[in-house]
Amino acid sequence: MAYIGYSRSEHTQAKQLSFRKMIDLHMQITLNIVRKHSGWAKQSYRYFDLNAGPGIDPITGELGSPLIALEKANAIWKDDYEMDFFEIDPISYFKLRRAILSPNVRVFNCNNELVDNFLPDGVDKTQYGLVYADPSAAPRLAIEPMGAICDRFPKVDAMFNIAATSIKRANSTKPPEEILRLDDMRARINKKHWIIRKPISQFQWTILLGTNWLNYPDWEKNDFVSIHSDLGKEWLAICNLSERERQRAIQPTLF
Ligand SMILES: C[S@@+](CC[C@H](N)C(=O)[O-])C[C@H]1O[C@@H](n2cnc3c(N)ncnc32)[C@H](O)[C@@H]1O
């Protein structure tokens with residue numbers, strides 16, 4: 001099963017740069033919101049990483065998403081955060097465990113599909129935070145685990161990093177009724193508002209962030225726009241459809 005275990009590509013550095021900016025902005029924005037609503041909002045940040053990896057890239061030594069999130073949380077939220085990291089590969093899991101000292105973090109060596117077993121009962125509308133999925137190129141986007149977290153914590157936002165071409169490639173061998181496009185996956189997560197990062201490289205790497213907060217800034221200077229803007233619709237179409245499907249959508253066949 002090739003999707004298990006950490007791998008890097010020429011896109012990894014750009015991905016971590018985007019992630020660093022996004023998590024920084026997200027933590028700052030949510031901190032401002034919860035401090036403004038201290039009467040009812042929980043005064044802490046909750047972060048879930050569904051594809052945590054080893055924490056430190058074994059070749060370049062650069063930090064991966066769990067350690068970037070931890071570094072930012074320590075700087076922005078001080079001690080007011082809780083984090084759950086899921087990693088299926090035992091080698092990556094042990095490396096990650098070794099790199100983490102914070103008592104506010106739980107690391108699980110299991111399939112993220114089991115996330116429901118680790119969530120508290122009931123719905124908590126007072127908790128802000130983020131769930132992040134970053135599978136390897138294979139289209140295993142952990143949509144169900146993400147959805148389960150967002151249902152339990154409606155104010156926890158959802159973000160994923162994916163190579164859109166890997167989804168299209170997987171769809172190309174499926175019968176029409178089984179085809180699940182990137183946008184179908186996104187729509188399965190109950191969030192009102194989505195922003196998308198410009199797809200990059202021939203693999204069309206993109207990041208989608210879903211939130212219930214309608215006033216979410218588009219962060220255009222970091223190449224993120226609303227999926228309802230003209231540019232957002234164009235980027236989503238690039239990620240959803242093959243070249244030929246896009247041509248057909250523009251020029252429907254006459255016969
Ligand atoms: C691209 S790497 C993640 C890198 C990490 N987010 C970072 O920024 O450094 C994907 C990771 O997801 C793990 N993984 C794949 N499927 C998984 C699953 N179903 N549950 C938990 N972890 C999984 C892989 O073993 C791999 O370490």
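Guide: Start with a definition: two strands pair if DSSP finds at least two bridges between them. Keep in mind that this is a predicted model.

Visitor: How many bridges join strand 2 to strand 3?

Guide: First the general idea: strands of a sheet pair through backbone hydrogen bonds, either parallel or antiparallel. Here strand 2, residues 81-86, is joined to strand 3 by four bridges, and the two run parallel.

Visitor: In what order do the eight strands lie in the open sheet?

Guide: The order is 3-2-1-4-5-7-6-8, with mixed pairing. At the edges are strand 3 (105-108) and strand 8 (224-226), each of which pairs on one side only. From one strand to the next, the twist averages 15°.

Visitor: Which residues touch the most other members of the largest nonpolar core?

Guide: They are Val131, Met146 and Met159, in a core of 58 residues. Strand 5, residues 156-163, supplies the largest share of this core, six residues. Leaving out residues up to four places away in sequence, Met146 touches Leu50, Val131, Ala133, Ala158 and Ile189.

Visitor: How many residues surround the ligand, and which are the closest?

Guide: The ligand has 19 residues around it, and Asn51, Gly53, Gly64, Ser65 and Ile88 are the closest. To read such a shell, sort its residues by type; this one holds six nonpolar, nine polar and four charged residues. Gly counts as polar in that sorting.

Methods: Residues numbered from 1 in each chain as written. Predicted model: local features only at pLDDT ≥ 70, side-chain atom pairs only at ≥ 80, totals over all residues. Near = placed C-beta within 6 Å. Axes fitted to C-alpha atoms, helices over the stretch in contact; angles between N-to-C directions. Core = buried A, V, L, I, M, F, W, Y, C linked by C-beta atoms within 7 Å. Buried ≥ 20, exposed ≤ 12 C-beta atoms within 10 Å, placed from the backbone. Contact = placed C-beta atoms within 7 Å.
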